Amino acid sequence: MIDWMTLRYPLAKLPPAIQARVLGALGRITCVSPDGEIRWEKPVLDLDALRSDTPGLCWTVTGGSDGEMRLTIGASPAFIRHGNNVFGSSCVRECSTTLVRFASKCLASILPPPQDWECRRIDVTENYALGTIREVKQFLRQLMTADAGRSKAASGGGDSVYWNKGSDLRKGKAYAKGPQLRKLLDQRKLDISEDLLDLADRLARLELTLGSRWFRRLEEQGKHWWDLTTDDLRQQHE
């Protein structure tokens with residue numbers, strides 16, 4: 001399944017009404033040296049000014065190397081559709097359509113079709129059903145020894161395992177899904193039944209993040225993320 005997707009679109013190419021709304025919520029973070037010289041400036045959205053209620057959707061404005069500002073949106077398509085991200089679709093077209101439609105609804109505006117956006121992140125996730133939560137934790141401890149080439153496993157605290165943490169190309173994470181859902185439930189960020197929680201306790205979850213550099217390389221090969229298939233993502237995860 002696709003657990004997260006980040007898309008971006010040139011702000012200058014959006015309809016004037018959307019540009020005005022986004023720019024109207026745009027502030028700047030400025031770094032000033034001790035002698036008063038401005039070292040750099042970074043655009044930042046005032047989310048409270050831009051939206052009223054967009055649960056599960058992240059917004060920002062980013063600047064590229066070409067100096068062009070882009071509206072960037074990111075979310076879990078599964079969470080948007082089902083209220084949780086235990087299971088979901090592995091189709092990039094279905095997931096990106098869900099994301100752009102939801103963003104359009106939040107902005108009360110019509111946004112460009114998803115295939116016209118740039119993709120800069122996809123999290124590809126597989127769930128592995130084991131017998132008990134105890135078996136899940138044992139499985140995760142075994143993964144700590146599963147190094148391959150330059151991909152060295154590292155502990156993320158608790159039972160979580162990370163590979164290539166911080167990479168903008170490819171990075172991985174493994175953790176127990178049940179405890180994570182229970183934590184979100186305690187924080188009132190999730191609505192899920194006790195039966196589903198009990199089932200989720202059996203799940204070990206392995207997430208692969210394909211980052212911005214991975215998608216830039218894809219474009220350099222003359223390929224488009226819109227044409228990625230479920231099998232393509234599965235092979236990357238494998």
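Is Glu-118 buried, partly exposed or exposed, and what is its relative accessible area? Glu-118 is partly exposed, with a relative accessible area of 22% (buried means under 20%, exposed over 50%, partly exposed in between, with a 1.4 Å probe and protein chains only).

This is a predicted model, in which local features need pLDDT of at least 70 and side-chain atom pairs count only at pLDDT 80 or more, while totals for chains, interfaces and linings use all residues. Residues are numbered from 1 along each chain as its sequence is written, and side-chain values use heavy atoms, with hydrogens and water left out.

**View 1. Arg-8 and Glu-118 form a salt bridge.** The closest N and O atoms are 2.5 Å apart (a salt bridge is a side-chain nitrogen of Lys or Arg within 4 Å of a carboxyl oxygen of Asp or Glu). Because Arg-8 belongs to strand β1 and Glu-118 to strand β6 (residues 118-129), the pair ties together parts 110 residues apart in sequence. Helices (H or I, at least four residues) and strands (E, at least two) are DSSP runs, numbered from the N terminus. Arg-8 is buried, at 17% relative accessible area.

**View 2. Asp-3 and Arg-205 form a salt bridge.** Their closest N and O atoms lie 3.4 Å apart. The pair links distant parts of the chain, with Asp-3 in strand β1 (residues 2-10) and Arg-205 in strand β10 (residues 203-210). Both Asp-3 and Arg-205 are buried.

**View 3. Arg-182 and Asp-198 meet in a salt bridge.** The N to O distance is 3.2 Å. Arg-182 lies in helix α6 (residues 177-186) and Asp-198 in helix α7 (residues 194-200), so the pair joins parts 16 residues apart in sequence. Arg-182 is partly exposed at 25% relative accessibility, and Asp-198 is partly exposed at 41%.
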